[in-house]
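Dear colleague,

Please find below the structure that I am handing over to you. My findings follow it.

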Amino acid sequence: MTLTEEIEKRRTFGIISHPDAGKTTLTEKLLLFGGAIQSAGAVKSNKIKMHARSDWMEIEKQRGISVATSVMAFDYKDKKINILDTPGHQDFAEDTYRTLTAVDSVIMVIDCVKGVEMQTEKLMEVCRMRNTPVMCFINKLDREGRDPYDLLDEIEEKLNINVRPLSWPISMGKTFKGVYSLFNKSLHLFQASRSKIEQDGIEIDDINDPQIDEQVGEADAAQLREDVELIEGVYPEFDVNEYLEGKVAPVFFGSAVNNFGVKELLDCFIELAPGPLPRETEERVIHPDEKKFSGFIFKIHANMDPNHRNRIAFVRICAGKFQRGTNYYHVRADKKIRFSNATAFMAQEKELVDEAWPGDIVGLYDTGNLKIGDTLSEGEPGMFKGIPSFSPEIFKEVINKDAMKTKQLEKGLHQLMEEGVAQLFTYELGSRKVVGTVGALQFEVIQHRLKNEYGASCDFMPINLFKACWVDSSDKKKLKEFIDSKMRHIARDKDGKVVFMAESRSWLTMVQDNFPEVSFHLTSEF
Ligand code: G4P
C-alpha cells in the first residue's frame, strides 16, 4: 500500500469520560466488534479506586494495566483503528491531557443518569484548546436516566460546544425500546444482553413508516415522530465540517454493557472521524503524507521491573514511514539514535513492528535519552508543539530524608519527572525543590517509586501555593525587572523555563496589575 492509502486507513482517537460512565466497557465492546478480543472482561478497568490509596500493589497493578492498555489497535471494515487509553482517575489528569495531544479525535462517554460530570468538563477544556473533533456517546439508556433534551442542553452549556443528535432514544430505562438513527435512517431495537452481538438496524426511509409502530408500539412511535420533527426543527442540519473543526459534537445514545448503540457509533465514527491530521512544529506545519518520518513522544512508561531501568516511550507518528532499526534524529539532544526494538500494540498484545505509519503509536525502549515532548525526525530540526505542561494544583517541597542518598534522590526525581509523573520546580534562590501535581495520589506514587527503584527517601512538606505561572514579555527589560523584584518567588521548570510561583489568587492579580507588560500563563506553551 502507498503512504496515502496507509494514512487514509487510520483513525486514532481517545475515549474520555468521568470515572464510571462506561469508558472501559465501551472500549471493550469496540474491541469485540473489531475481533481484537474474543470475550468480555478482557479489558481491565484502569481505575484506581479511592479506597486503594495506600495499597501499593494496586498502584503497581495499575501501572501494569495501563501499559498493556495504553494503545489498543484493531481493524474494522477497511480501517485500522488506534484507541489511546486515558487514565480514569482524576489525579492522573495530566497524563490524559498529554494523551489527547496524540489523538485526532475523541469520543466522550456520558452517563445518562448523571449527566455531565466534573472530570468531563476539564477534559473537554483540553479538547477545546486544540479544536479536537468530539463525538458524544450517551450511555446506560437501560437505566432511568435524565430527559435526553436536558442532557443535550447540559452538554452545550457545560462543555461549551454545540451538539447535534444523530440518533434518538425510544423511551428509556425499563421500557427502553431502542434508538432511531437520524444519520442512517434506521431503527435499532434494544434487547438487554451482555453477550449478544449487535445487529444492523432496520432501514426506515420515511419516519411515517408503519414498521416503526409494529416494532415499538403506537405510543412510542408517535413520540419518536414528534421528537424527530422537533430535532430536525431545532438543530441545524449536521455538517461534517463543523464536527471536524471541533464546533459541533454529534451525539449517539446507547448502552455499552448491552452491546447496544456501539456498532452504530463505530460505523458513524469510521465514516466521519478524521484520519491523521497535520501537526505544527516550531517551524512549520507537517503533513502526514510527507515522505520523511517524524513523530513526538507523549508518554513515557517506566519498566515494571525495577532492576531494569529502561522505559517505554510512546511515539505518535505524524508523517512518513517509521522503520525499525533506522537511525532517527533526536531533535532536543541534537543526535541520532537507533531504535531496533520498536513495539506496536495490537489489542493487548505487544509485538515487534518493522514499520508503522502516520496515526500509529509505537513503543520505543529507552534507557533515559527521551522525555515527554521530544521530537524524532529524519533530520529536520523543529520540535512539535502542543504538549504543554499545565499548572499543577497541589505543591509540596521535597525534603531529603537520607543525606547519603542525595544523588539517587536527584536522579530518581529527574527521571520520574521526565516520565511526567509530576512537575518539578527549582527555586532560583536556595535551590529549593517543589513538586507539583494534579492530585494527591502522585506524592504517594513518587515516594514509593523513589524508595523501590532508586533507594532514596524523601518527605513532602505542604506549601502554600496557588499556581505556577510561566512568564514572558516582549519587553525583555521589563521581564528582567519583574524577575529581579520577585526573585524569592521565581523558579525554573524541568526545561529551565522561568516560572512565577504565585501564593494566592488575589496576590497573583495584584502582581499582574503591577506588571502589565509581563504575561502570566497557566500552561508552559503559549
Ligand atoms: P469507566 O471505565 O468509565 O470508569 O466505567 P466502566 O466501563 O468500568 O463502567 C462502570 C460501571 O458501569 C460498570 O459497573 C459497568 O458494568 C457499568 N455500565 C457500563 N455500561 C453500562 C450500561 O450501558 N448500562 C448499565 N446499566 N451499566 C453500564 P460495575 O458495577 O462497576 O461493574 P460490573 O460488575 O458491571 O462489571
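Apart from its neighbours within four places in sequence, I155 is in contact (heavy atoms within 4.5 Å) with I110, V116, C136, I138, N160, I161 and V163. This is a predicted model, in which local features need pLDDT of at least 70, side-chain atom pairs count only at pLDDT 80 or more, and totals for chains, interfaces and linings use all residues. Residues are numbered from 1 along each chain as its sequence is written, and side-chain values use heavy atoms, leaving out hydrogens and water.

A nonpolar core is a set of buried Ala, Val, Leu, Ile, Met, Phe, Trp, Tyr and Cys residues joined through side-chain atoms within 4.5 Å. Buried means under 20% relative accessible area, with a 1.4 Å probe and protein chains only. The largest such core has 78 residues, among which I138 and I155 touch the most other members. Strand 15 (residues 311-319) gives this core its largest share, seven residues; strands are DSSP runs of E, at least two residues, and helices of H or I, at least four, numbered from the N terminus. A second, separate core of 29 residues includes L30, L31, L265 and C268.

**F269**

F269 lies in helix 10 (residues 262-272) and counts as buried because its relative accessibility is 2%. Not counting residues up to four places away in sequence, F269 touches R11, F13, S105, I107 and M135. F269 and I107 are 162 residues apart in sequence, yet their C-alpha atoms are 9.0 Å apart in space.

**Helix 8**

In helix 8, the buried residues are D220, A221, L224, R225, D227, V228 and I231. Their cover includes helix 6 (148-159) and strand 6 (162-165).

Methods. Buried < 20%, exposed > 50% of the residue type's maximum accessible area, 1.4 Å probe, protein only.
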